[in-house]
Amino acid sequence: MTEILEKVYDPQRIEAKWYRFWEERGFFHAKADGVKPGYCIVIPPPNITDVLHMGHALNNTLQDILIRFKRMDGFDALWMPGTDHAGIATQNVVERQLAAEGADRHALGREAFVRRVWEWKAASGGHIITQLKRLGCSCDWSRERFTLDEGLSRAVREVFVRLYEEGLIYKGDYIINWCPRCQTALADLEVEHEPTDGFLYHIKYPLAQGEGSVTVATTRPETLLGDTAVAVNPFDPRYKKFHGATLSLPVLKRPIPVITDAYVALEFGTGALKITPAHDFNDFEVARRHDLPAVKVIDEAGLMTAAAGKYQGMDRFACRAQILKDLKADGLLVKMEPYTVPVGHCYRCKTVVEPLISKQWFVAVKTLAAAAIAAVEDGRTRLIPANWDKSYYDWMTNIRDWCISRQIWWGHRIPAWTCSKCGLTTVSREDPAACPHCEGRDLVQETDVLDTWFSSALWPFSTLGWPTETPELKLFYPTSVLVTAFDILFFWVARMMMMGIHFMGEVPFREVYIHALVRDPEGQKMSKSKGNVIDPLDLMDKYGTDAFRFSLAAFAAMGRDVRLSEERIAGYRNFANKVWNACRFTFMNLEGFDPASPAGGAGADAYKKPRSAVEAWIMSRLQQVIRETRNSLDSYAFDQAANVLYQFIWHEFCDWYLELIKPQLYDKEDAATRRLCQEVLLKVLSAILRLLHPFTPFITEEIWQKLPGAQGSIMVAPYPQPDPQFDHPEAEAELNLVMATITAIRNIRGEMNVPPGTQVEVFLHSPEAASIEALNRHRQSIQILGRVQNLHCNSPSGPPAAAAKAVVDQVDIFMPLAGVIDFAEEAKRLDRELEKLGKEVSQAQRKMSNEDFLAKAPAEVVAKEQAKLQAQTEKLNKLKTHRERIKELMEG
């Protein structure tokens, strides 16, 4: 006996059960034995400090859809999971804990502090993994990696040593981004620039000898204390007479030269540029070209140094205020212009970053970047959508050497040792016991750790076992696709490209799908400060994980941000309920059906050759849906795949097919026809569940387990393939005509306010005999679904009087209404509704014509009012048309 589904679908009851079922039976595990073709995605590793947010939810839902699709499609599919140690972020978390206890890491000591961080990770670092499982992610958890685990640490050290041996890693003085709060260097990408209201200060630099001065414009007057030149463009006629002159540095009176450099923009400020090599990236490069000294006037704590003279020990911003007072007193502050300054902030703690010259470790990336550019240019790796190519090329072409050292304790400690005896540095794969240069045994290891992104850059091959040649590396590298947000295209993707090509001789992934952001319903970026953050866990609890996942996929249009709202997710919960109820109806009508025992041996043949136009139509449409879904998933058009399935399942399968076959399902007398109808229904439903599974894994598994004839888990059932033998355009055309005719009859009933229970009479007229014949074949369906008592096809008496009319293709549809509705009463009802709606439209039009309202109301309010007016106007026009039809019927 067919098992009946419960009346109401309850996601909370089944989701944990089926996830546990999949894990326990090893369905997430990739065998890596070479029997099946490999398909691999490496997860963008979330930080161990992370909790699931909308960005994670979208990114991992899309990955899971792909991996479940490919797993069902016959691939040995590996979704490699793991987490990132997140150096600065994790250290900050533990430092805050220590501060709350009245301690700090320096009092604790390095080894004890690192142990404390490992303890924190053991206790709290796995939350994000639990949440990914809640989302339904089918990662191979048996292979879960961590960027500080033993294997990845070995890979990191191997890469560092090789790059050092190749001369691509070096240590040198260079200007870097420094965070005074985190006390570490930051890569360019770790600095967030925010437009900030400030000033452009015009300051006079007097000539050291004689009369005259040069006025410069700067946004940071406190850094003038570190100026070592003023630069002008050699072609600027305003400053020809100053070429080679010497100026007196304001306040400190130090002599500095006027130099010429084409870098100086004639149109910016005054055209004269103060050069502060120690505190500005561009000035640093100018200074190197002109062999200028660098004077450091701001230290690592953001305080003024001894080189700042009387300002020594002041905070940099307090110094700015004081130096402006002094410049004004000396008559050297010409003016202050309001100016928007792009101020750099630390991406972790939001402190204003200070450019400083410091001894750091760097990767020389120009040659690495050239190979990564070529890989995209020649198509070995495709960025999708392709409009990201230009950004990728621009950034990679202008890339600067990568600062990889960080002055923190949590992370991969740089494998470099300095000998106290000879002063030479040793970089080694193993911790050296003695100096290889002089045999000295007093070796001091570098205290800095590597940038977190250094280990992440190795992720596609280190997680697969490199530097050991493993079966996983052989089968799964290059990986198939990387799914990522655009905000880490340069942080991570570009660096993986460089490292993968250099160490593996091949790109790390064949395709990179770059998805957009999840925003609020008004298109605003979600942030705590705006109060518009939506917690994905709350939504999964409220609407079910399947509805949440399907919502994300349905709105993940390529290149367009996802505007997410609870209303939309509620809509897809209704879709999940629709699927559930359709399956429940199906199971209730499979009484006596045994899929293993076709009636009279005809069951299998019936599936190969549908016996009716309805069966031929649904099977033909199914093939097209299979094609469209597969093509959409293969091209990362997740929204198209979701919407194709939604339209087919809700509107064609549920609204039409199930209604059209009810007479056959309910006919207990004609057992053979009923048996064949049940078989086709089951085949279609089986395909629907498998098509849906990558999007909605939990509900489909629950139903699959009760589906007659289904075996094992739906996770490993074959993904549907289109079968051309079931393509039947003639049946599709015939059913399209039938459905359009029924829809037209229903529309007439609705527009003319015909009571739902009233049976009507309908006349169909057409010069096309084939159309009338087709409609005649479906007479029963038209009468049942259109609530038609008498159906006349090409009646010799011609069109009836006082009848409402509709046209479908070349078929005229007439519904006599005399005696069915009271024309006079209907006219009065319509007049009342027209008057009421007319007033509402007039009021709305006045509001939309009010300039004050349009100017002061928020944009989303104006848009909502505009949409409301449009809907009211459309309704008003329909009512007017209907009123005219009633008038014609009364007069006819």
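Let's start with one residue. Trp410 is buried, at a relative accessible area of 2%. A caution before I go on: this is a predicted model.

Now, aromatic pairs. How many does a search of the whole structure find? The search gives 41 aromatic pairs. Take Trp118 and Trp410. Their ring centres are 5.2 Å apart and their planes stand at 75°, so this pair is edge-to-face. The cut-off for that label is over 60 degrees. Where do the two residues sit? Trp118 is in helix α5, residues 110-124. Trp410 is in the loop between β17 (405-406) and β18 (416-419). The pair therefore ties together parts that are 292 residues apart in sequence. Trp118 is partly exposed, with a relative accessible area of 37%, whereas Trp410 is buried at 2%.

Next pair: Tyr174 and Phe284. Here the centres are 5.3 Å apart and the planes are at 65°, so this pair is edge-to-face. Tyr174 belongs to strand β5, residues 169-179, and Phe284 to helix α8. They are 110 residues apart, and the pair links distant parts of the chain. Buried or exposed? Tyr174 and Phe284 are both buried.

Rings also gather in groups. One aromatic cluster is formed by Phe550, Phe555, Tyr572, Phe575, Tyr646, Trp650 and Phe695.

Lys133 lies over the face of Trp141, 5.2 Å from the ring centre. Arg495 places its charged end over the ring of Trp402, at 4.2 Å from the centre.

On to salt bridges. The count comes to 56. Asp261 forms one with Arg289, and the closest N and O atoms are 3.2 Å apart. What does that pair tie together? Asp261 lies in the loop between β11 (255-260) and β12 (272-275), and Arg289 lies in helix α8, residues 281-290. So the pair connects parts that are 28 residues apart in sequence. Asp261 has a relative accessible area of 9%, so it counts as buried; the cut-off is under 20%.

Stay with helix α8. Glu285 and Arg288 meet there through their side chains in a salt bridge, 3.5 Å from N to O. Both residues lie in α8, three residues apart, about one turn of the helix. Glu285 is partly exposed at 26% relative accessible area. Arg288 counts as exposed, at 52%.

Asp378 is partly exposed at 47%, and Arg380 is partly exposed at 31%.

Salt bridges can also form a network. One links Glu6, Arg13, Lys17, Glu702 and Lys706.

Last stop: helix α27, residues 823-848.

Methods
Residues numbered from 1 in each chain as written. Predicted model: local features only at pLDDT ≥ 70, side-chain atom pairs only at ≥ 80, totals over all residues. Heavy atoms only, no water. Salt bridge = Lys/Arg side-chain N within 4 Å of Asp/Glu carboxyl O. Helix = DSSP H or I, 4+ residues; strand = E, 2+ residues; numbered from the N terminus. Buried < 20%, exposed > 50% of the residue type's maximum accessible area, 1.4 Å probe, protein only. Expected span 1.5 Å × (residues − 1). Phe/Tyr/Trp six-rings, centres within 6.5 Å; stacked < 30°, edge-to-face > 60°. Lys NZ or Arg CZ within 6 Å of the ring centre and 35° of its normal.
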